[in-house]
Amino acid sequence: MQREVSTIVDDTRRIDDPTAAIEIPPRGNDVREVGGPPPLTRGRWLVCGDRAFALRSDVTHVGRGVTADVRLDDHTVSARHAIVVLRAERPRILDDRSTNGTVVNGRRVEEAELHDGDVVVLGRVVLTYRDLR
């Protein structure tokens with residue numbers, strides 16, 4: 001006998017089941033899994049679909065590896081793909097010797113200054129840089 005299970009995704013990732021309800025809290029403060037673009041507070045963010053990663057430290061490592069501050073689980077992303085360096089007014093992204101390169105607004109770069117709304121592509125993963133200060 002197969003039972004039908006419906007899933008509703010909201011701020012708490014609540015899963016409704018005909019026999020039991022399970023509440024799963026969001027995964028940390030940096031990632032929100034919600035439908036559509038996540039609501040962002042003041043700060044600097046990397047947004048990927050329905051996930052948003054806060055850029056809180058001066059140096060943020062982005063990649064597929066377990067040591068990355070922003071982990072992107074995609075085989076086209078290198079374990080150590082890119083580094084985002086935050087300076088007072090000029091945040092920059094640097095390619096970290098990745099296999100598939102770092103692309104900002106359609107141009108492959110070794111290093112580039114980031115501005116609000118810039119589109120960053122790492123492998124096949126598309127991110128948007130948001131600066132809401």
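Start by selecting β13 and β14, which pair in the antiparallel sense over four bridges. Strands here are DSSP runs (E, at least two residues; helices are H or I, at least four), numbered from the N terminus, and two strands pair if DSSP finds at least two bridges between them.

Before you move on, some housekeeping. This is a predicted model, where local features need pLDDT of at least 70 and side-chain atom pairs count only at pLDDT 80 or more, while totals for chains, interfaces and linings use all residues. Residues are numbered from 1 along each chain as its sequence is written, and side-chain values use heavy atoms, with hydrogens and water left out.

**The six-stranded sheet**

Now widen the selection. Which order do the strands of the open six-stranded sheet take? Read across, the order is β5-β4-β14-β13-β10-β11, and the pairing is antiparallel. At the edges you'll find β5 (51-54) and β11 (107-109), each pairing on one side only. Look along the sheet and compare strand directions: on average, neighbours are turned by 30 degrees against each other, direction ignored. (Those axes are lines fitted to C-alpha atoms, for helices over the stretch in contact, and angles run from 0 to 180 degrees between N-to-C directions.)

Next, select Arg44, in strand β4 (residues 43-48). Is Arg44 buried or exposed? Arg44 counts as buried because its relative accessibility is 10%; the cut-offs are under 20% relative accessible area for buried, over 50% for exposed, and partly exposed in between (1.4 Å probe, protein chains only).

Show everything around Arg44. Leaving aside neighbours within four places in sequence, its contacts (heavy atoms within 4.5 Å) are Phe53, Ala54, Leu55, Leu86, Arg87, Ala88, Glu89, Pro91, Tyr129, Arg130, Asp131 and Arg133. Zoom in on Tyr129, whose side chain makes a polar contact of 3.4 Å with the side chain of Arg44. A polar contact is a pair of N or O atoms within 3.5 Å; within protein, one must be able to donate a hydrogen and the other to accept it, and residues adjacent in sequence count only if both atoms are side-chain atoms.

**Salt bridges**

How many salt bridges does the structure hold? There are seven, a salt bridge being a side-chain nitrogen of Lys or Arg within 4 Å of a carboxyl oxygen of Asp or Glu.

Arg44 comes back into the picture here, as salt bridges that share partners join Arg44, Asp131 and Arg133 into one network. Asp131 counts as buried at 17% relative accessibility, whereas Arg133 is partly exposed at 48%.

Then pick Arg130 and Asp116, whose side chains meet in a salt bridge (2.8 Å, N to O). This pair links distant parts of the chain, 14 residues apart: Arg130 is in strand β14 (residues 125-132), and Asp116 is in the loop between β12 and β13 (119-122). Arg130 is partly exposed, with a relative accessible area of 28%, and Asp116 is partly exposed too, at 41%.

Select Glu113 and Arg92 for another salt bridge, at 3.6 Å from N to O. Here again distant parts of the chain are linked: Glu113 in strand β12 (residues 111-113) and Arg92 in strand β9 (residues 92-95), 21 residues apart.

Those two strands take you into an open sheet of five, ordered β7-β6-β8-β9-β12 with mixed pairing. β7 (70-71) and β12 stand at the edges with a single partner strand each, so one side of each has no neighbour in the sheet. Further in, strand β6 (residues 59-63) and strand β8 (residues 82-85) pair in the antiparallel sense over four bridges. Click on His61 and look across: Ile83 in β8 stands opposite.

**Two loops to finish**

Where does Arg97 lie? Look in the loop between β9 and β10 (102-104). Check its backbone: phi is positive, about 55 degrees, although Arg97 is not a glycine. Arg97 is exposed, with a relative accessible area of 71%.

Last stop: Asn105, in the loop between β10 and β11. Its phi is near 50 degrees, again a positive value in a residue other than glycine. Asn105 is partly exposed, with a relative accessible area of 46%.
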